[in-house]
Amino acid sequence: MIPRKEMKKSESPIDIKEGVYERFPVTRQAFVTVSFQDAGEIGYNHWMNKMMENMVRRMMSGEEGRRQEDNALDLGANALNLLIGEYGFPNFQFLKWSPLFVPDMLANHPVNMPSNELSNMVKKAAVLYGADLVGIASLDPKWVYSKDLFKSFEIVDEGSPQETEDAFLIPRKVNKAIVMAVAMDDEMIETSPLVDASTATSLGYSRMGITAVSLAEYIRGLGYQAIPCMNDTALSIPLAVEAGLGQLGRLGLLITPEFGPNVRLMKVLTDMPLENDHAIDFGIPEFCDNCHLCAEHCPSSAISFGEQSYDGICDNNNSGIKKWYISAEKCLRLWQTNGASCANCIAVCPFTRGFESMQCFECKKCETKTGCELQVNTHLRAKYGYLDVDTWGNKPKVLKPRRRGL
Ligand code: SF4
Ligand code: SF4
């Protein structure tokens, strides 16, 4: 990971219109709204039925990249995701909010160490358990979902993280988020919208689960409380921005300096006294202003060609944050007809493909001839082994990630 102390600090990484932004309920996510349209009941996965029908139909008609062996590889890659936490449900399966195997003697005995040492230890452990990127931010309650499918999330003054009959309770002292990213296989992602790209995503989810659960158990073993999260409980992208992992791009995903948007995010919430990292600026909004590749290659027209705004474009959006809003429902409907998830936007983004500043589109900053954060980032990526300087040009070679598979 490129040390964030070598990157420009962003003083206001998220532009919020006060009085408009509200905590977001999971029930307004496209997975839930499309599931309800299709099946008439509240759930997270009913939308998949149509995708599976088309997966089988396209497989039976012998389409290249959609054979039984392609789908089998995807299903195998997804097995640990389903076993651990099914993309993320709070306090569910291995994502329990209390110790899984850690004995009380350790869980009730917090180690007493300075914050900087604890932070370094936690980051080392996160990498050991599979994280490619890790950062720490304060847990701002506004990023905690207001409601899961049936129960609300409530921030309470005392106690331990727990689920009651009608709510998930997060004590106020659980005020840190350790945010992590796992890089997906860029060669498989490039095959999008074929099944191999979906396999890369499934592997990403399985790795998310393994890493989040392992880190939560480690923190409990050090005597602190830990809530392991995949997509559940809190919004991953703003937490990742605040933890210095990257910036939000036009495609509606986090763009990291190392892997572009080709990552999956997870987090562990904890009461461990940790040191925050700082948000970074490496020029993403300015670059996205001039680049529309993701919007041009989106088969469902879900990505905006326009400018950033505070106003959501559909009920699946949470208005009040300046960004490019995505039509998540259009995206999900495309996945259904495709018979597999899509990652075209990730595949074509220059930051996935090994962006370096020689490829930069003309922008106002270049007219100053003083360089920009994108150039700085190119050199940092080369310095820390993420780009091969000998292959700079139209398609530079990405050296990392080196991990292929689980
Ligand atoms: S995943 Fe595919 S359909 Fe969805 S926004 Fe990206 S390119 Fe468009
Ligand atoms: S493809 Fe271009 S516009 Fe889209 S997120 Fe990547 S850099 Fe931004």
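Which residues in H11 are buried? In this predicted model, Leu 332, Leu 334, Trp 335, Gln 336 and Asn 338 of H11 are buried, where buried means under 20% relative accessible area, exposed over 50% and partly exposed in between, with a 1.4 Å probe and protein chains only. Residues are numbered from 1 along each chain as its sequence is written, while chains are lettered from A and ligands numbered from 1 in the order in which they are written. Local features need pLDDT of at least 70, side-chain atom pairs count only at pLDDT 80 or more, totals for chains, interfaces and linings use all residues, and side-chain values use heavy atoms, with hydrogens and water left out.

Helices (H or I, at least four residues) and strands (E, at least two) are DSSP runs numbered from the N terminus. The cover over the buried residues of H11 includes H1 and helix H2 (48-60). Two packed helices are described by the angle between their axes and the distance between the axes. Axes are lines fitted to C-alpha atoms, for helices over the stretch in contact, and angles run from 0 to 180 degrees between N-to-C directions.

| Helix pair | Angle between axes | Axis distance |
|---|---|---|
| H1 (residues 30-39) and H11 (residues 328-338) | about 60° | 9 Å |
| H2 and H11 | about 35° | 6 Å |
| H3 (residues 68-84) and H7 (residues 195-221) | roughly 20° | within 8 Å |

H1 is oblique to H11; angles under 35 degrees count as roughly parallel, over 145 as roughly antiparallel, 65 to 115 as roughly perpendicular and the rest as oblique. H1 passes H11 in a right-handed crossing. A crossing is left-handed if the near helix is turned anticlockwise from the far one by less than a right angle, and right-handed if clockwise.

Contact means heavy atoms within 4.5 Å. On the H1 side, Ala 30, Phe 31, Thr 33, Val 34, Gln 37 and Asp 38 meet Ala 328, Glu 329, Leu 332, Arg 333, Trp 335 and Gln 336 of H11. The contact of H1 with H11 comprises six nonpolar, three polar and three charged residues. Ala, Val, Leu, Ile, Met, Phe, Trp, Tyr, Cys and Pro count as nonpolar, Asp, Glu, Lys and Arg as charged, and the others, Gly among them, as polar.

For the pair H2 and H11, with axes 6 Å apart, Lys 50, Met 51, Asn 54, Arg 57 and Arg 58 of H2 touch Arg 333, Trp 335, Gln 336, Thr 337 and Asn 338 of H11. This contact of H2 with H11 has two nonpolar, four polar and four charged residues. Just after H11, Gly 339 has a positive phi of about 75°.

**Helices H3 and H7**

H3 and H7 are roughly parallel to each other, and their crossing is left-handed. Residues in the contact include Leu 73, Ala 77 and Leu 80 of H3 and Leu 203, Ile 210 and Val 213 of H7. By class, the contact of H3 with H7 divides into ten nonpolar, eight polar and three charged residues.

**After H14, and the cysteines**

Asp 388 lies in the segment after helix H14 (373-383). Asp 388 is buried, at a relative accessible area of 17%. Beyond neighbours within four places in sequence, Asp 388 is in contact with Lys 397 and Leu 399.

Lys 400 also lies in the segment after H14. With neighbours within four places in sequence left aside, Lys 400 contacts Phe 259, Tyr 384, Gly 385 and Tyr 386. The C-alpha atoms of Lys 400 and Ala 107, 293 residues apart along the chain, are separated by 36 Å.

Cys 291 is buried, with a relative accessible area of 7%, and Cys 298 is buried, at 14%. A search of the whole structure finds zero disulfides, a disulfide being a pair of cysteine sulfur atoms within 2.5 Å.
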